[in-house]
Amino acid sequence: MYSLLGRGSALVRSGRRDAAADAFQEALSLYPRHPLALIGSAVTKGESFAAADAAIADMTPFKPVQAGIARAALLASRGEADGAAAELEAVLTEAPPGFAGWQVPVLPLFRQVADTPSLKATLKHLADRAR
């Protein structure tokens, strides 16, 4: 699943949107409501994020950490670095001790905002939490 998300994201960055859309569609064939795949698909097709928003809302009561990370990825995909960082901070503050957020530094959907001060501070918090 995550290999398809990474492949799709790499293809988007290289300008190969049709191939990227195929990768995200393949991911959605495995997990039809996966919010990160829905975000990637919307990015490649220039479509609304409504399906991703709905999937995130549906998973929030049952998987709040994953939903928060997905919500932050959606904000990052919109270029809303401060909103993404605030969402991640909320996830890290509320999550029980453990591995919450481990994948954030390598999730391609955060790439466009990774060098912003707000996200750098959140990634530092994540690193400190891992110690």
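Serine 77 is buried in the predicted model, with a relative accessible area of 16%. Because buried means under 20% relative accessible area, this value places serine 77 within that class. The residue belongs to helix H5, which spans residues 64-77. When neighbours within four places in sequence are left aside, the contacts of serine 77 are Ile39, Val43, Phe49, Leu109 and Gln112. Of these, Ile39 is also listed among the buried residues of helix H3.

The protein chain has a mean pLDDT of 91, and 100% of its residues reach 70 or more. Among the elements of the chain, the highest mean pLDDT, 97, belongs to helix H4 (residues 50-59), and the lowest, 88, to helix H7 (residues 117-130).

Helix H3 covers residues 35-45. It is largely enclosed by the rest of the structure, because 9 of its 11 residues are buried. These buried residues are Pro35, Leu36, Ala37, Leu38, Ile39, Gly40, Ser41, Ala42 and Thr44. They pack against four helices, namely H1 (2-13), H2 (17-30), H4 and H5. After H3 comes glycine 46, which has a positive phi, near 65 degrees.

Alanine 52 is located in H4 and counts as buried, at 2% relative accessibility. The C-alpha atom of alanine 52 is separated by 8.7 Å from that of arginine 71, although the two residues are 19 residues apart along the chain.

The largest pocket holds about 340 Å³ of space. It is lined by 20 residues, of which Tyr2, Val65, Gln66, Ile69 and Gln103 are the closest to its centre. The elements that give two or more residues to this lining are helices H3 and H5. H5 provides the largest share, 4 residues. H5 therefore contributes to the pocket lining and also contains the buried residue serine 77.

Helix H7 consists of 14 residues. From its first C-alpha to its last, H7 reaches 20 Å, close to the 20 Å expected at 1.5 Å a residue. Its buried residues are Ser118, Leu119, Thr122 and Leu126. Seen down the axis of H7, these residues fall within an arc of 95 degrees, so they line one face of the helix. The face turned away from this buried side carries Pro117 and Lys124, which are exposed. On the buried side, the packing partner is helix H6 (81-94).

Leaving aside neighbours within four places in sequence, serine 118 is in contact with Ala81, Asp82 and Ala85. These contacts lie in the residue range of H6, 81-94.

Key: Residues are numbered from 1 along each chain as its sequence is written. This is a predicted model: local features need pLDDT of at least 70, side-chain atom pairs count only at pLDDT 80 or more; totals for chains, interfaces and linings use all residues. Side-chain values use heavy atoms; hydrogens and water are left out. pLDDT is the predictor's confidence in each residue, from 0 to 100. Buried means under 20% relative accessible area, exposed over 50%, partly exposed in between (1.4 Å probe, protein chains only). The expected span of a helix is 1.5 Å times one less than its number of residues. The arc is that of the directions from the helix axis to the C-beta atoms. Contact means heavy atoms within 4.5 Å. On a 1 Å grid over the protein atoms alone, a cavity is a set of points where a 1.4 Å probe fits but cannot get out, and a pocket is an open set with protein on both sides within 12 Å along at least five of seven lines; lining residues have an atom within 4 Å of a point. Grid points are joined across faces, edges and corners, and a volume is the space filled by probe spheres set on the points.
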